[in-house]
Amino acid sequence: MKKTMKNSRRSPFAAALVIAAGLIMSGGGYAFATAAVESATPVSAVSSQEQVAEGEKLFLANCASCHGKNGVGTPNGPTLIGVGAAAAEFQVDSGRMPAQASGPQMQVKPVQFTDEQIDAIAAYVGSLGVGPEIPTEEMIAANGNASKGGELFRINCAMCHNAVGAGGALTEGKFAPALVGVPADHIYEAMLTGPQNMPVFNDANLTPEEKKDIITYLKYVETNPSAGGYELAGLGPVAEGLFIWIIGFGIIIALTIWLGAKSN
Amino acid sequence: MSNSTTTKPKGSFLANRANYLDERVGVAGILKEFGRKVFPDHWSFMLGEVALYSFVVLLISGTFLTFFFQPAMTEVVYNGVYGPLKGAEMSIAYASTLDISFEVRGGLLMRQVHHWSALMFVAAAGLHMLRVFFTGAFRKPREINWLVGFLLFVLGMAGGFTGYSLPDDLLSGNGLRIIDGMLKGVPVVGSSISSLLFDGEFPGHAIVARLYSLHIMIVPALIILLLAVHLFMVVIHKHTHYSGPGRKDTNVVGYPLMPVYVAKAGGFFFIVFGVIMLIATTFTINPVWNYGGYDPSPVSAGTQPDWYIGWLDGALRLAPSHLEFQGLGGTWSFNILIPLLVGVLFLVVVGAYPFIEKWITGDEREHHVLDRPRNAPVRTAVGAAGVTFYAVLWAGAATDLIATHFKMSLNHVLTSIQILLLVGPVFAFWVTKRIALALQRKDREIVLHGRETGRIIRMPHGEFIEVHEPLDKYEMYKLVDFKSYQPTLARPNSEGKITVAARVRASLSKFYFQDRVTPVGQVELAAAAHHEEHAPAIEAKPETKKPAAKKAAPKAAAKKTATTKKASTKAPAKKPAAKKAAPKKK
Ligand code: HEM
C-alpha cells in the first residue's frame with residue numbers, strides 16, 4: 001500500500017489517488033466501527049424465565065402459524081425443536097424469519113423485532129430442545145489467525161461464497177449471499193446451524209477456534225481495502241473485462257476520435 | 001522513429017552522425033522511401049496502433065516483472081508482509097508474486113500495468129480486426145495480412161493465458177485444471193498430452209516453469225516477428241482509405257509518415273500509455289493475495305478466466321452436460337469435444353474469411369478503397385452474426401454472475417443463453433442485412449433527390465412540396481462510389497460438368513448478392529438532376545419523385561450496370577436480371 005502511493009505521488013493523478021485512498025480508508029474505518037458496535041450487542045448465554053415466557057408469546061403470534069404450537073412443525077415450516085437459540089437468532093436477526101413469499105430461498109427482509117424481542121424468541125426456541133447456543137462475544141471476536149482462517153474459508157466456503165466472500169450462484173435460483181457486512185455473530189451462527197442450502201459446520205467439522213479464524217479472515221478482507229486500488233466488487237475477471245471494454249476503451253476511443261477530429 | 005533527426009543542418013553533431021550512417025548503410029534512401037509513406041486519417045485506423053502500443057507497454061512492464069518473478073513450484077512457507085497469508089504453505093511462484101505485490105518497490109503497480117495492458121492489447125487487436133472486417137480491408141492484396149493479424153490475435157490469447165497461469169494462485173490453478181480436463185477429454189491421445197504437458201499427473205511440479213518459457217520467450221518472440229511482418233506488409237500494400245473525391249484504388253490520400261504522422265503516433269503512444277497507467281494506479285486487477293495459493297481441493301465460486309478466454313469458458317459451460325458416453329474402449333466426452341470443435345471451427349472460419357469471400361466473388365482486382373459496411377450488406381450481416389455468436393459465448397462464461405446480479409435462477413440463465421446462442425446470430429444477421437439495405441436505399445434517395453431540408457413550399461396550384469437540397473460533390477462521391485456484385489451461376493468446367501464446388505459457390509454467391517442495391521450511375525443521376533431542375537418551377541406538373549426516378553432507371557440500365565433493383569420486396573422481378581447479368585461476369 002505504502003509503496004504504490006509513494007510511487008504515484010509525482011503523477012498528476014496523485015490528488016485523485018489521495019482522495020480515493022482517503023475515501024477507501026474512511027469507508028473501511030466506518031465499516032469497522034459499525035461492525036464493532038454490532039458485535040458489541042449483548043448476547044446472553046443464560047436466559048431468564050421471563051424472557052422465555054415473553055418469547056413464547058411472540059412465537060405464538062408470529063411463528064406458530066408455520067412452525068406450529070411449541071415449534072412442532074406444520075406442513076408450512078419445519079420443526080424447531082433442537083435447532084437451538086443460535087438458529088433462531090440468526091434467522092430472525094438477519095431478517096429471514098418470519099418467512100414471507102416462498103421462493104427458491106427465503107429472502108432477507110428488514111428485521112421486524114427489537115433486540116430484546118429477538119433475544120426472547122431465541123431463548124424460547126432454545127428452550128424447546130437441546131441445540132446450538134448463541135456464541136459468546138469472545139468466541140466471535142475477530143482476533144484469531146487470519147491466515148489459517150483464509151485457508152479454511154477457501155477449502156470450506158469459497159466454492160459457494162467466492163474466495164473473497166463476494167457471493168455466488170447455486171442451482172435453481174438459490175444463491176450463497178455476499179458476506180461483506182455480515183455481523184460476526186451471524187457468521188458464527190450460520191456455520192453452526194447451516195441455514196437452508198448451506199451445510200452445517202458443527203464443532204467437529206470446524207472447531208470453535210477455527211470458526212473464530214474464519215471470522216477473523218472475513219473481517220480482515222472486509223476492513224482492509226485492496227492494496228491495488230478500487231476493487232471491482234471482488235467479482236474478478238468478468239468485472240475486469242467489462243471495465244476494460246467499457247471504461248478503458250471508452251476513454252481510448254474518445255481520445256482517438258478527438259485526435260482524428262483535430263486534423264480536420 | 002528517433003531517426004527523424006537525420007534532416008541536416010550541416011556541421012551539427014547529429015548531422016555528422018547521420019551522414020556517417022548514410023555513407024555506410026544508405027539510411028537516407030531508406031528513410032526517404034519510408035518517410036514518404038502516406039497514412040490516412042481516421043479514428044478507426046488507430047485501433048491497430050492502440051494494440052501495438054499496449055504491446056509495447058506489456059513488454060516493458062513484463063520485463064520488469066521477470067526481474068523478480070520466480071517460476072518454481074517448490075513449496076515454501078510464506079513469511080512476507082501480507083498478514084492473512086503468513087505461515088501459509090505455497091509455491092515459490094506464488095510467494096514471489098506476493099513479494100512483487102507487497103515488497104518490491106513499484107511491483108504491484110507494474111503487475112497491474114502488465115495485466116491491464118494485456119486486457120487492453122487483446123481488446124484493441126479484436127476491435128482492430130472488426131474494423132478491418134467491416135470495411136472490407138482484408139480484400140486483395142491484404143488477405144495474407146489478415147491471416148497474420150488473426151494469428152497475432154490468437155497469440156495474444158495464448159500470451160494472456162500462459163501469463164494468467166504463472167502466479168499459481170487459486171484462480172490460475174482452476175484455469176489450468178480446466179485445460180487439463182479439456183485435454184483429457186480428447187479421445188485416445190488426450191491423457192498422454194496432458195501428462196506430457198504437466199509432466200505427470202496434474203498439477204505436477206513443472207507446469208509453471210514451462211508456461212514461463214512460453215510466456216516470456218516463445219509467445220512474445222512470435223508476436224514480435226509477426227508484428228514486424230504485419231507492419232512491413234502495411235508499408236508494402238500502403239494503407240487503405242475511405243472513399244472520397246480523388247481517393248482511388250490506385251492511390252492513398254493522407255499525411256506523409258514523416259514528420260506529421262510519426263509525431264502524431266509518438267504522441268498517441270503516450271496517450272495509450274497514460275490511460276493504462278491511470279487505470280492501473282486506480283483499479284485493482286487480479287488481487288492474487290485474496291485467492292490464496294493453488295491447492296487442488298478448493299474451487300472458488302466466480303472462477304473465471306480473463307475476458308479473451310471467456311468465450312471458450314462460455315462454450316464449455318453452455319454445452320449440455322449429459323453428452324458423455326462410455327463405450328468403444330473409452331469415455332467420449334462430447335460435452336468437452338463439441339465446445340472444443342466449435343471454438344476451433346469458429347477460429348478457422350474467422351482466419352479464412354478473406355479467402356472464402358474471394359472464392360465466392362471471384363474478384364481478382366486489388367481494393368484500396370474501403371467499403372462502407374452498408375454497401376456490403378451480407379458481409380456486414382455475417383460479421384454481426386459472428387460477433388453475436390462470440391458475445392453470447394462470452395456471456396455464457398458469466399452465467400453465475402448474471403444469475404446472482406439479476407436475481408434469476410442459474411438454470412434459467414443457462415437455458416436462455418443456450419437458446420440465444422442458436423437464435424441470436426440468425427436474428428442479428430437478418431436485422432443487420434435489413435438495416436444495411438435500408439441505409440443503401442436511403443443513400444440512393446439522397447443522391448438522386450438531395451437532402452430533405454424541412455422547408456415546405458406551397459405551390460400556386462396548392463400543392464405542398466418540400467425543398468430538397470442537392471449534395472455537394474464530396475458527399476455525393478462517398479455515396480455513389482462503391483461496387484455491387486451480382487450473383488454468379490454455377491458454370492460447367494472444361495469437361496462440361498457442373499462440379500459440387502461450383503454449385504456451392506453459386507448458391508453462396510446467391511446468398512451474398514441476391515438482395516442488393518446498386519450504386520447510382522451517371523445517366524440516372526443526370527436524369528434525376530434534370531428532373532430536379534424543373535421541380536420547383538411554377539409550371540411544373542405535380543409529379544411524385546419516385547416514378548420519375550424509376551422511369552429514368554431502365555435507360556441507365558441499358559448502358560451501365562446501374563440497374564435500380566429495389567431489393568428485397570420485389571423478389572420475382574429481379575430474377576431475370578440476375579440471370580442475364582451472370583454470363584457477363586468473367
Ligand atoms: C504477449 C503479450 C503478453 C500478454 C498478453 C501477457 C499477459 C500476462 C498476464 C495476464 C499475466 C498475469 C499477471 C498477473 O496478474 O499477475 C502475466 C504475467 C507475467 N508476464 Fe506477461 N504478458 C505478455 C507478455 C509478456 C512479456 C513480453 C514478458 C517479459 C518479457 C512478460 C512477463 C511476465 C511475467 C514475469 C509474469 C508473471 C509475474 C506476475 O504474475 O506477477 N509478459 N502476463
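How much area do chain B and chain A bury between them? About 5,200 Å², with 71% of it on carbon and sulfur atoms; buried area here is the accessible area (1.4 Å probe) that two parts lose on being put together, summed over both. Keep in mind that this is a predicted model, where local features need pLDDT of at least 70 and side-chain atom pairs count only at pLDDT 80 or more, while totals for chains, interfaces and linings use all residues. Residues are numbered from 1 along each chain as its sequence is written, chains are lettered from A and ligands numbered from 1 in the order in which they are written, and side-chain values use heavy atoms, with hydrogens and water left out.

**Where the two chains meet**

- On the chain B side, 69 residues are in contact with 53 residues of chain A, where contact means heavy atoms within 4.5 Å.
- Several helices of chain B each supply at least two residues to the side touching chain A, among them α3 (47–66), α5 (107–134), α10 (257–282) and α16 (410–449). Helices (H or I, at least four residues) are DSSP runs, numbered from the N terminus.
- The most comes from α10(B), with 10 residues.
- Sorted by class, that side has 45 nonpolar, 16 polar and eight charged residues. Ala, Val, Leu, Ile, Met, Phe, Trp, Tyr, Cys and Pro count as nonpolar, Asp, Glu, Lys and Arg as charged, and the others, Gly among them, as polar.

**A residue to look up: B:L410**

- You'll find B:L410 in helix α16 of chain B.
- B:L410 touches residues of both chains, including A:A169, A:L170 and B:A403, not counting residues up to four places away in sequence.
- B:L410 also touches B:D400, which is 10 residues apart from it in sequence and 6.2 Å apart in space, C-alpha to C-alpha.

**The iron site**

- Two histidines are the protein donors of the ligand's iron atom: B:H114 (NE2) and B:H215 (NE2), lying 1.9 to 2.0 Å from it. Donors are N, O and S atoms within 2.8 Å of the metal (3.2 Å for Na, K and Ca); water is not among the atoms, so sites may look incomplete.
- This pair links distant parts of the chain, with B:H114 in helix α5 and B:H215 in helix α9 (residues 207–237) of chain B, 101 residues apart.
- The site is octahedral, with angles of 86 to 179 degrees among its six donor atoms; for six donors, that label needs opposite donors over 155 degrees apart and all others between 65 and 115.

**Salt bridges elsewhere**

- Over all chains, the count comes to 19 salt bridges.
- One of them joins the side chains of A:K148 and A:D213 (3.9 Å, N to O).

- Most residues other than glycine have a negative phi, and most peptide bonds are trans.
- The bond joining B:K140 and B:P141 is cis, with omega about 5 degrees.
- Another cis bond runs from B:F202 to B:P203, with omega near -5 degrees.
- B:D199 isn't a glycine, yet it has a positive phi of about 55 degrees.

Key. Tetrahedral: all angles 85-135°; square planar, octahedral: opposite > 155°, others 65-115°. Salt bridge = Lys/Arg side-chain N within 4 Å of Asp/Glu carboxyl O.
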